[in-house]
Amino acid sequence: MVHFLVKILFLLQLFIMIHNIQGCTFPLLRQHQVHVLNNLPVNSPKLELHCASGDDDLGYNYPDVGTDFNWEFCATRRTLFFCHFWWDGKDQAFDVFNDLYYCIHGGKGFVPEYTTKCQWKVQSDGFYLGYYNEDVGTIVYTKYRDW
């Protein structure tokens with residue numbers, strides 16, 4: 001009986017390792033992406049951002065105007081990423097991902113249900129949350145908050 005249990009545990013561990021190598025194929029995980037586009041004016045002060053979760057510190061980043069900082073991850077219902085932004089003497093910090101279906105709690109109305117690619121845009125007037133709309137072939141943004 002013990003030999004049988006050892007075999008089962010070994011196979012279970014092997015199964016989990018294979019699925020972790022292949023990405024988010026484990027049934028309780030979903031692949032998500034967060035993009036933060038710097039859409040501030042050219043020749044303005046540098047945007048600084050620091051993003052992290054409880055498990056991953058993504059460090060301090062300084063995306064050039066017109067470029068984005070992005071990452072992908074396997075998400076569960078407990079996954080949370082936040083970012084702290086600094087620009088031109090202003091700063092804001094908020095969650096950029098905490099919801100499997102709408103990117104953020106309260107995201108309904110900003111993005112469609114089951115959005116897995118959360119698109120953030122930083123502008124001089126604030127922060128926008130968006131999604132890629134396949135019907136029009138572009139990212140559609142809605143203002144989320146001011147600086």
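Which order do the strands take in the open sheet of 4 strands, and is the pairing parallel or antiparallel? The order is β3-β2-β5-β6, and the pairing is antiparallel, where two strands count as paired if DSSP finds at least two bridges between them. At the edges stand β3 (57-61) and β6, each with a single partner strand, so one side of each is left without a neighbour in the sheet. Neighbouring strands of this sheet are turned by 10° against each other on average, direction ignored, the axes being lines fitted to C-alpha atoms and the angles running from 0 to 180 degrees between N-to-C directions. Strands of a sheet pair through backbone hydrogen bonds, either parallel or antiparallel.

Before going further, note that this is a predicted model, in which local features need pLDDT of at least 70 and side-chain atom pairs count only at pLDDT 80 or more, while totals for chains, interfaces and linings use all residues. Residues are numbered from 1 along each chain as its sequence is written, and side-chain values use heavy atoms, with hydrogens and water left out.

The protein has 1 helix and 9 strands, taken as DSSP runs numbered from the N terminus (helices are H or I, at least four residues; strands are E, at least two). From the N terminus on, the elements run α-β-β-β-β-β-β-β-β-β.

Within the sheet, β2 and β5 run antiparallel and are joined by 6 bridges; histidine 50, for instance, has histidine 84 in β5 as its bridge partner. A disulfide (a pair of cysteine sulfur atoms within 2.5 Å) also joins cysteine 51 to cysteine 83, with an S to S distance of 2.0 Å. Cysteine 51 lies in strand β2 (residues 48-53) and cysteine 83 in strand β5 (residues 81-87), so the pair ties together parts that are 32 residues apart in sequence. With 105° about the S-S bond, this link is right-handed, and both cysteine 51 and cysteine 83 are buried, that is, under 20% relative accessible area with a 1.4 Å probe, counting protein chains only.

The count comes to 2 disulfides, and the other pair is cysteine 103 with cysteine 118, at 2.2 Å from S to S. The torsion about its S-S bond is about -100°, so the link is left-handed. Cysteine 103 counts as buried at 0% relative accessibility, and cysteine 118 is likewise buried at 0%.

Definitions and conventions: Buried means under 20% relative accessible area, exposed over 50%, partly exposed in between (1.4 Å probe, protein chains only).
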